[in-house]
Amino acid sequence: MSMDAVLFWFLSIVVIGAGLSVVLMSNPIYSALSLVMTMVGVAALFATLNAYFLAGVQLIVYTGAVMVLFVMVLMLFDLKRELQAFSRGKITGFFKIAGVGVLAGLLVGVITFTTQKTSLIAEGSPLAADIAAQAASGADNTKILSENLFLKNILGFELLGVLLLVIAIGVVALSRSKGGTHARD
Amino acid sequence: MSSMGTTTFEIVINLVKTVLIFLMMVQAVPILVWLERRGSGFIQNRFGPNRVGPLGLVQLLADAVKFLNKEDFVPDKGNRFLFYAAPVFALIPAAVAFMAIPMSTPLTVGDSTFLIQGYEVNIGIVFILGISAMAVYTMLMAGWGSSSKFSLMGAMRAAAQVISYELALGLAIVGVILVYGTFNLTEMIVAQQGPLRFSGFGFDFVAPTAFLPNWGIFFQPLGAILLFCAAFAESNRLPFDLAEGEAELVAGFHTEYGGFKMLMFFIGEYGHMMIAAGLMTTFYFGGYGIPGWTTQEVYAAGLSMFGNETAASVFNTAIHFLSFNIKFAIFLWIFIHVRWTLPRFRYDQLMDIGWKTMLPWALFNTILTATVIFLASQYIIG
Amino acid sequence: MPLGGIIFIIFFIAVFGVILIYLARAIGGVAKRTSEAKMEIYECGIPEMEKKDTKISVNFYLTAILFILFDIEIIFMYPWAVNFREFISAGAGTYVFISMAIFLAIFIYGLWWEIKSKALDWEN
């Protein structure tokens, strides 16, 4: 087995194990920390695919920002009540079974897609040629990314800025609303 | 193990090297603590530790023995797993990020070339930012795991502070990336070799003397100040050490910690200081470069002195390693000096500085840099 | 990217840290003579206050969420900054410069709005 294969299998086991412990741990803090581990593993998997910049973004945005918010919020509540509420009861039982069902469906789907060997990208399309050229060079793909982002899909990029602005304003508006558990006092 | 070497020999050497750099980092911490205590004594017109050994240098060994002898203690209500995991985790982000900073020219022995850094990451800056951002979890784990109100408040404050200043830090780095056009730290250092030069607006300027180096500080003075200030907040040092404001929070997120576990948090904190000093050196002060001589010139001088390629390479590496460490030590000393000079900010002042002062200035720096680069390529003066 | 080396050193540091903790435990010993007061969490001499029901200012969440948003916007500048000179030499300089100027204008408006709406104030 080549070194790349060893790395791939190792990272896959880490990601799947951490992902499973997100749903299996009864303590929400452990779940959140496992999710951090999953994000780090996914970043490493990106790096094995030569998507270095994407790996860095995964680290900065998901582990460095989004998960910090998750962990911060979870740490501020008395978790004993949540522990009881989510570990028994008919409704949570239903969600558990439904979750298992969805997971099984996803697994079957992934396995059938990957074993069929047919790529979702049509043969001979410019995108396929791009991907092939990039995979052959094995180089950093930041340039292709920025070309796509800033030259080809510029409208989407600007709209994203507007979307982030809307979110920022919405967050402040929500935090101002009176009542509920998060009211400002 | 891609790019950790091609032969088994190289891989083994490279792995041993990462371990050595980590141990060097851990070793540097007691020395820095000694320097800090002696330095604070010097600043406050007192002696500091001077009894144990010459100049009190063995004091750090005595401290380590004392730390080892402290009994192990976990509060009854604490979460034992997180309480123990937090100090271990404190070592990881700092060390892993520090290893991506190049400390000298590559060492060539026979057919093999060894980098004087843990590993070369081609997205250097993004990697360092991403990894060192994970230090927040250490504080949150420690704060929650010790189940104390003081710890939790300290952890929250530390986390909010660190993420706030990460914005200014990240934006200050955009200016650096614009100037060099790369994420790779080694390429940045190579770009800073030679005399100061600037081409644009239709003319090429080269400094008359080679001793005025082509350092980033001349292109990014504002960015350098912003990055250095943000680095103080990132490593939780005074004047930004609100996480452990002892008047309000006892000791912040490590209130319940003592003995060796406490020392491990210290190693993490000093590790972040070292990353900041290393980044300042690499971005703005030419990395391992020496003003007046390029690496090729030093190598040629070594070759004429020893007449042997391996010896010349060793000479080259050693000289540049020394150069890096001198700059590195100066920044570490500034960290220590500032700690004993400035008072602490209030928390709302801290947040105001981060969001309302440093972030707009970093934005201004980015816009200015981009505009100058753009205009320099488009217009000709005179 | 030297992933193997990074994973190796992470494992090494983790093992190193665990060994240090066990070493300190072995030499220093576990807390033997315990009393109720000793095992309590720290409080300045009054009965202990547990962390539960701690009320934390909503500003902490607000800071974290706004951090995520601005962080994403900053991350988008990285690939732009690293290729800016290449875009200029490829003749797309003006286009890319103006597109980022619009993005930055939205960013600055957002920041200005946050500051003006006092969402970032901690004084009250």
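The model is predicted, with local features needing pLDDT of at least 70 and side-chain atom pairs counting only at pLDDT 80 or more, while totals for chains, interfaces and linings use all residues. Residues are numbered from 1 along each chain as its sequence is written, and chains are lettered from A and ligands numbered from 1 in the order in which they are written.

## Fold and dimensions of chain B

Chain B has 13 helices and four strands; these elements are DSSP runs numbered from the N terminus, helices being H or I with at least four residues and strands E with at least two. Of its 382 residues, 53% count as buried, a term that requires 20 or more other C-beta atoms within 10 Å of the residue's own, with C-beta atoms placed from the backbone.

The C-alpha trace of chain B spans about 70 × 50 × 50 Å along its principal axes.

## The contact between chains C and B

This contact takes 55 residues from chain C and 71 residues from chain B. On the side of chain C that touches chain B, at least two residues each come from α1 (3-28), α3 (58-82), α4 (84-89) and α5 (93-116) of chain C, with the largest share, 18 residues, supplied by α1(C).

By class, the side of chain C that touches chain B holds 40 nonpolar, eight polar and seven charged residues; Ala, Val, Leu, Ile, Met, Phe, Trp, Tyr, Cys and Pro count as nonpolar, Asp, Glu, Lys and Arg as charged, and the others, Gly among them, as polar.

## The contact between chains A and B

Here 17 residues of chain A and 19 residues of chain B take part. Two or more residues each are given by α1 (3-24), α2 (28-48) and α3 (52-75) of chain A to the side that touches chain B, and α3(A) gives the most, with twelve residues.

## Confidence

For the complex, the predictor gives an ipTM of 0.85 and a pTM of 0.86. Chain C has a mean pLDDT of 82, with 89% of its residues at 70 or more, pLDDT being the predictor's confidence in each residue, from 0 to 100.

Key. Two residues are in contact if their C-beta atoms, placed from the backbone, lie within 7 Å. A residue is buried if 20 or more other C-beta atoms lie within 10 Å of its own, exposed if 12 or fewer, and partly exposed in between; C-beta atoms are placed from the backbone.
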